[in-house]
Amino acid sequence: MGTLWYNGSIYTMIKEADRVEALFSEDGVIVDTGSLTYLKQEYAGNISREIDLKGQTMLPGLVDSHLHLVGHGERLLRLDLSLLEGREAVLRILKEKCAVTPAGKWIVAEGWNENEWTIPDLILRDDLDAISTEHPIVLKRICRHALVVNSCALMAADIMEDAAEPAGGVICRYPDGRLNGLLKESQAQNLILDSLPGIDQDYIETALEEAIADAYKLGLTGGHTEDLHYYNGFEPTYEAFKSVIEDKGMAFRANLLVHHEALEDMLAAGGRYQEGTRYIKFDSMKIFTDGSLGGHTALLSEPYADQSGTNGVAIFTETELHQWVQKARQAGMPIAAHAIGDLAFEYVLDAIEAFPPKFGLHDRLIHAQIVRPDLLERAAVLPVIFDIQPGFVPSDFPWVEEKVPAKLLATSYAWKTYLRMGIICAGGSDAPIEPLNPIFGIHAAVTRAKTNSEDAGYNLGERLTVFEAFSLYTKGSAAAIGQEKRRGRIIKGYDADFTVFDVDVFAVDPEELLKAEAVMTVIDDRIMYHKK
């Protein structure tokens, strides 16, 4: 017995403006589409539920192609610094938090971004010591490629003044040689993060529950999420996903990117690419090749314009990167490579050309921000998908123009160019780095402007149409996991995953998109969220 959906603007996403009057779904699959009269007659004996969409707009379920689901839940649970406008505001809120927190308890805060402050002076160890020497304090930068701690946290993690800098990580110091508390990239950050208390099964599950509940409210039916390496390792995190999504019934299409250091654990547990449970599947092997632009660790082919002494950080040597790609191929897996800078992007293309994936599989380049024309030409003929985050445009400009050499920006963040060249693109948020709400990313792709701003936007020739922007989160996300013949469109035989908005998102002015609100989220024919 199935469900008849009718009386709404039902967009199939097969092509622009393509709509059907009604659809019939059963056992989690779209059985048929067509006129309401036809479906009622054809499936009269099988219709057990009729859903009146009341004139609202139904799309294929939106899917975030790149996020950190547990991390998003953590952000919802922790002290959020992302909306604070300056270092003094951050220090003030930390002082207030310390005043009500027992001595010895860790204080972890998320989301500082000095590029959004009027005076972009960093908060460092001595500043935090002036707040408290009795609480270990950890402040994670919005990009999660840098954090800063106080002396109490350094002591708790047993990090001495003469600490050696790990390969692929950066331990920063004051001019006098003392540690300044700033650690960049996971190899250095883990010296602190591995000492954080409270990362147990209940903690991970609570964070997941918060994150998925929030995703429902935003109209997300799934996400390609990378969490398996950070929360006590592979097994506890995977078990938490199964507990929340499968056992507790919080249905959510979770494609788990497998951090390269979690690969062997996944294989030992019997995990294989595109296998798993009903809603949870193992996906590509995630490899970090560089860092972030804000932290000057994204790997560029030229020195930074505002720090001529560095061109970023290579997480791996080229030889090491090739070895990791080979391991992915041996496991029958594509790769998902974090590559923000053009030199990191080039290294990944070199590795893919040397060790291509199995026929029919696609590697993905996550972020694909700083990209030279010659690299785009190479990428266009390879089996690669660009996993882009449109929200980075309003977040990164104009400050990125001060950091990245001008000639490298001409074909960077160039979403329209990528599509014109035939490169498949998927859309994500990188939450908790950017807000999870897909409407924010879609608005950014269409306007390339900040929200609530009079700024005209950046490189307007790269704006996407509303259809192209929604395609990133439907057809694009499906293609990134090899499910383009099962998800991302409203067609017979496709999964019955739907997102329903209160307005026709294809009919409103682009600026009005921000007012669009998800009112129903349907996964596997189950209504997981319904705003009354």
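**Surface, fold and strand β13**

Trainee: What share of the accessible surface of the protein chain belongs to carbon and sulfur atoms?
Mentor: This is a predicted model, in which local features need pLDDT of at least 70, side-chain atom pairs count only at pLDDT 80 or more, and totals for chains, interfaces and linings use all residues. Residues are numbered from 1 along each chain as its sequence is written, and side-chain values use heavy atoms, without hydrogens and water. The accessible surface (Shrake-Rupley method, 1.4 Å probe) totals about 20500 Å². Of this, the carbon and sulfur share is 49%.

Trainee: How many helices and strands does the protein chain have, and what is its radius of gyration?
Mentor: Counting DSSP runs (H or I of at least four residues for helices, E of at least two for strands), the chain has 18 helices and 22 strands.

Trainee: How many residues of strand β13 are buried?
Mentor: Buried means under 20% relative accessible area (1.4 Å probe, protein chains only). Strand β13, residues 220–225, is mostly covered, with a buried count of six of six.

Trainee: Which residue in β14 is the bridge partner of T225?
Mentor: Strands pair if DSSP finds at least two bridges between them. Strand β13 pairs in the parallel sense over four bridges with β6 (residues 62–67), where D64 stands opposite G223. It also pairs in the parallel sense over four bridges with β14 (residues 253–259). There, the partner of T225 is L256.

Methods. Buried means under 20% relative accessible area, exposed over 50%, partly exposed in between (1.4 Å probe, protein chains only).
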